[in-house]
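Here are some notes for a colleague who is opening this entry for the first time. Please keep the structure in view while reading.

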Amino acid sequence: MTETSTPTSAPVTAAAVTDPAQLTDADITALTSGLGADDAALYAYGTATAFARPDRLPQIAEHAAAHRARREAVIGILTAAGAPVPPSAAGYTLPFPVDDPVSAARLAVAAEHDCAVAWRSALEHADSPGVRDFSATALADAAVRAGKWRVALGTVPATVAFPGTPDA
């Protein structure tokens, strides 16, 4: 059976956040937390690219592009709100050694799980309905991408009951 690539979500936009000038400190903290997770995921996907099977490279590219788009949307929201945008870290500590296609796919699952945790926390702590909506979409997108990587790894079940739960 041949697996085909499908987009993981609708294009990422900041449209849910209708008035960035009205964001609270909790909203800004929530968005900044999610931004950090997406930055780390981009780093993880860069590492995974070096060790992934060639047939997984389009999936990596698609998922990295989704994180990049979400990152740019968050930067746009924070900038419009007049909030500081923290720089990406120069590097990140990987949760385990990555040296083959299986560990590369496991790293992708870990990165998506970490994003789901960050965006679920953002959803729980944000004050603004727009930021909560943005965070819920980011959480769902990360859960879908993680599920796709679990399928690639042969993990059963490929989904978790409550995405974004720290111990899931």
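This is a predicted model: local features need pLDDT of at least 70, side-chain atom pairs count only at pLDDT 80 or more; totals for chains, interfaces and linings use all residues.

1. The protein chain has four helices and zero strands. Read from the N terminus, its elements run α-α-α-α.

2. How does the radius of gyration of the protein chain agree with that of a compact globule? With 168 residues, such a globule would have a radius near 15 Å, and the protein chain has 16 Å, so the two agree. Along the principal axes, the C-alpha atoms fill a box of roughly 50 × 35 × 30 Å.

3. Of the 168 residues, 42% count as buried. Take the contacts in the protein chain with a separation of 6 or more: residues 24 or more positions apart account for 78% of them.

4. Start the helix pairs with α3 and α4. Helix α4 covers residues 129-153. The axes of α3 and α4 come within 8 Å and cross at roughly 160°. An angle over 145 degrees counts as roughly antiparallel, so α3 is roughly antiparallel to α4. The crossing of α3 past α4 is left-handed.

5. Which residues make this contact? From α3 they include Val102, Ala105, Val109, Glu112, Cys115 and Trp119. From α4 they include Arg132, Phe134, Leu139, Trp149 and Leu153. By class, the contact of α3 with α4 has 17 nonpolar, one polar and six charged residues.

6. Now α2 and α3. Helix α2 spans residues 57-80, and helix α3 spans residues 101-125. They pack at an angle of about 25°, with their axes 13 Å apart. Angles under 35 degrees count as roughly parallel, so α2 and α3 are roughly parallel to each other. Here too a left-handed crossing is found, as α2 passes α3.

7. On the α2 side, His63, His67, Arg70 and Val74 take part. They meet Glu112, Cys115 and Trp119 of α3. The contact of α2 with α3 has three nonpolar, two polar and two charged residues.

8. Look next at aspartate 38. Its place is in helix α1, residues 25-51. Is aspartate 38 buried or exposed? Its relative accessible area is 1%. Buried means under 20%, so aspartate 38 is buried.

9. What is aspartate 38 in contact with, leaving aside its neighbours within four places in sequence? The partners are His67, Arg70, Cys115 and Trp119. His67 and Arg70 belong to α2, while Cys115 and Trp119 belong to α3. Arginine 132 is 94 residues from aspartate 38 along the chain, and their C-alpha atoms are separated by 17 Å.

Technical notes
Residues are numbered from 1 along each chain as its sequence is written. Side-chain values use heavy atoms; hydrogens and water are left out. Axes are lines fitted to C-alpha atoms, for helices over the stretch in contact, and angles run from 0 to 180 degrees between N-to-C directions. Helices (H or I, at least four residues) and strands (E, at least two) are DSSP runs, numbered from the N terminus. Angles under 35 degrees count as roughly parallel, over 145 as roughly antiparallel, 65 to 115 as roughly perpendicular and the rest as oblique. A crossing is left-handed if the near helix is turned anticlockwise from the far one by less than a right angle, and right-handed if clockwise. Contact means heavy atoms within 4.5 Å. Ala, Val, Leu, Ile, Met, Phe, Trp, Tyr, Cys and Pro count as nonpolar, Asp, Glu, Lys and Arg as charged, and the others, Gly among them, as polar. The radius of gyration is taken over C-alpha atoms; the globule rule is 2.2 Å times the number of residues to the power 0.38. Buried means under 20% relative accessible area, exposed over 50%, partly exposed in between (1.4 Å probe, protein chains only).
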